[in-house]
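Thanks for making the time, everyone.

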Amino acid sequence: MTSQLLPHRDPEVQAFLAGKPAYSLALLDHFLEAFPGLGPVTLHATKTMIGISNGIHPIAWITQLGKQFLHVVLPFPEPHTDNLCFQKIAQVPGQQQYNHHLRLLHPDDINEEVIRFLRLAYESRG
């Protein structure tokens, strides 16, 4: 796991990440390293989270950078209940969108199953 800043973080994202724990920043770097095999992504910061886009649609949101974890939300048009990685799946009220909540504690949490769902999010939102 590396704590180096990845080159695709823009100044707004850099400002959002200022003061965040080194461990969660390293987890974020490790998580973002999973995307090059899927295709290009862009990051953008809001007041409360970082959005990850495939250039057309948001494919994931980083909603929390805790002291020892990274919380990621992946949106899908249907629930994917047959998994071992999501701690919660919740339908967005009034929408056909299901947010799948993933809590990453260790670099090894970004396993083949998580990569499969990242690929599905990337491709289904294109």
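Predicted model: local features only at pLDDT ≥ 70, side-chain atom pairs only at ≥ 80, totals over all residues.

Let me start with Val72, whose bridge partner in β6 is Leu102. That pair belongs to the contact between β4 and β6, which run antiparallel to each other and are joined over seven bridges.

Stepping back to the whole sheet, we have six strands in an open arrangement, ordered β1-β2-β3-β4-β6-β5, with antiparallel pairing. Because β1 and β5, the latter covering 86-91, each have a single partner strand, they stand at the edges, and one side of each is left without a neighbour in the sheet. On average, neighbouring strands are turned by 25° against each other, if we ignore direction. Packed on this sheet is α3, which touches β3, β4, β5 and β6, and whose direction makes about 45° with that of β4.

Now, which residues touch the most other members of the largest nonpolar core? In that core of 34 residues they are Phe31, Phe35, Ile52, Ile62, Leu70, Val72 and Leu74, so Val72 comes up again here. Among the elements that each supply at least two residues of this core are α1 (11-17), α2 (22-32), β4 (70-76), β6 (98-104) and α3 (112-124).

Finally, consider α2, which is mostly covered, with eight of its 11 residues buried, including Leu25, Leu28 and Phe31. Leaving aside residues up to four places away in sequence, Phe31 touches Ile52, Ile62, Leu70, Val72, Leu104, Ile110 and Leu118.

Notes. Residues numbered from 1 in each chain as written. Heavy atoms only, no water. Core = buried A, V, L, I, M, F, W, Y, C linked by side-chain atoms within 4.5 Å. Buried < 20%, exposed > 50% of the residue type's maximum accessible area, 1.4 Å probe, protein only. Helix = DSSP H or I, 4+ residues; strand = E, 2+ residues; numbered from the N terminus. Contact = heavy atoms within 4.5 Å. Pairing = 2+ DSSP bridges. Axes fitted to C-alpha atoms, helices over the stretch in contact; angles between N-to-C directions.
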